[in-house]
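This briefing covers a single chain. Keep the structure open while reading the points below.

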Amino acid sequence: MNAHVPAVEVPTDPQELAQAVGTVMYAGDAASQGLDMKVEEIAPGYARLTMRVRADMLNGHKTCHGGFIFALADSAFAFSCNSRNVSTVASGCTIDYLAPGFEGDQLTAVAQERSLAGRTGVYDVTVTNQDGRNVALFRGRSYRIKGQVVGVPVEA
């Protein structure tokens, strides 16, 4: 027989809520964890993630494969658009690669909300290296779905 576990108390302070969402999301995000991404900062409509470029992330040109740069930008986008505790998914995105990433580079993706109206939002993500050089620009469009990240009852 399954016992119902009470829902986690949802913080009312927007910053505390964003941090709780980040903690819960990261705990269940095997992809971001597998790429050794770190959530360095999160706030309502904002997230900053980092990732070190490893040897197994390099393409045939010995630069960081664009898919890994995309994954970092996409994860920052996801943390940013879910930071208000409304379950949100991507409805589309674009990325422009501006400079290569190299083995050992520390890439940082900063995602910022540009628009949030009803169920849709627009987020810009800038990916830079440790020297502040722009590596990529990503724009994501979000769509809010049913549910929330924090405070959902858990069945035991």
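Arginine 139 is partly exposed, since its relative accessible area is 40%, between the 20% and 50% cut-offs. The model is predicted. Arginine 139 forms a salt bridge with aspartate 124, with the closest N and O atoms 2.6 Å apart. Aspartate 124 lies in strand 6 and arginine 139 in strand 7, so this pair ties together parts that are 15 residues apart in sequence.

**Salt bridges around aspartate 124**

- Aspartate 124 also forms a salt bridge with arginine 114; here the closest N and O atoms are 3.0 Å apart.
- Arginine 114 belongs to strand 5 and aspartate 124 to strand 6 (residues 120-128), so the contact ties together parts that are 10 residues apart in sequence.
- Is aspartate 124 buried or exposed? Aspartate 124 counts as buried, because its 19% relative accessibility is under the 20% cut-off.
- Arginine 114 is partly exposed, with a relative accessible area of 48%.
- Side chains of opposite charge can pair when their charged atoms come close.

**Other salt bridges**

- How many salt bridges does the structure hold? The structure holds six.
- One of them joins the side chains of arginine 48 and glutamate 41, at 3.2 Å from N to O.
- Arginine 48 is partly exposed at 27% relative accessibility.
- Glutamate 41 is partly exposed too, with a relative accessible area of 34%.
- A network of salt bridges links Asp36, Arg54 and Asp56.

- Six strands form an open sheet, in the order 2-3-5-6-7-4, with antiparallel pairing.
- Strand 2 and strand 4 are the edge strands, because each pairs on one side only.
- Neighbouring strands in this sheet are turned by 20° against each other on average, with direction ignored.
- Strands of a sheet pair through backbone hydrogen bonds, either parallel or antiparallel.
- In a regular strand, the side chains alternate between the two faces of the sheet.

**Strand pairs**

- Strand 2 and strand 3 run antiparallel and are joined by five bridges.
- Within this pair, isoleucine 42 stands opposite alanine 47 of strand 3.
- The hairpin of strand 2 and strand 3 has two residues between the strands. Glycine 45 takes a positive phi near 75° in this hairpin.
- Strand 3 (residues 46-52) also pairs with strand 5 (residues 106-117). That pairing is antiparallel and runs over seven bridges.
- Which residue of strand 5 is the bridge partner of methionine 51? The partner is leucine 107.

- Aspartate 36 is not a glycine, yet has a positive phi of about 60°.
- Where is aspartate 36 found? Aspartate 36 sits in the loop between helix 2 (30-34) and strand 2 (38-43).
- Aspartate 36 counts as partly exposed, at 39% relative accessibility. Aspartate 36 is also a member of the salt-bridge network with Arg54 and Asp56.
- Asparagine 85 has a positive phi of about 70°, and is likewise not a glycine.
- Asparagine 85 lies in the loop between helix 3 (66-82) and strand 4 (88-97).
- Asparagine 85 is buried, because its relative accessible area of 7% is under 20%.

**Nonpolar surface patch**

- Which residues form the nonpolar patch on the surface? They are Val89, Tyr143 and Ile145.
- Together these residues have about 230 Å² of accessible area.
- Isoleucine 145 is in the loop between strand 7 (134-144) and strand 8 (154-155).
- Isoleucine 145 counts as partly exposed, at 36% relative accessibility.

**Record annotation**

- UniProt, in an unreviewed entry, places the feature "domain: Thioesterase" at residues 61-135.
- Over residues 61-135, the chain is 23% helix and 44% strand.
- The end C-alpha atoms of residues 61-135 are 16 Å apart.

Note on methods: Residues are numbered from 1 along each chain as its sequence is written. This is a predicted model: local features need pLDDT of at least 70, side-chain atom pairs count only at pLDDT 80 or more; totals for chains, interfaces and linings use all residues. Side-chain values use heavy atoms; hydrogens and water are left out. UniProt positions are given in the numbering used here, feature names are shortened, and annotations may be inferred rather than shown by experiment. Helices (H or I, at least four residues) and strands (E, at least two) are DSSP runs, numbered from the N terminus. Buried means under 20% relative accessible area, exposed over 50%, partly exposed in between (1.4 Å probe, protein chains only). Two strands pair if DSSP finds at least two bridges between them. Axes are lines fitted to C-alpha atoms, for helices over the stretch in contact, and angles run from 0 to 180 degrees between N-to-C directions. Patches are made of residues with over 30% relative accessible area and no salt bridge: like charges are joined within 9 Å, nonpolar side chains (Val, Leu, Ile, Met, Phe, Trp, Tyr) within 5 Å. Accessible areas come from the Shrake-Rupley method with a 1.4 Å probe; for residues, only the protein chains shown count as cover. A salt bridge is a side-chain nitrogen of Lys or Arg within 4 Å of a carboxyl oxygen of Asp or Glu.
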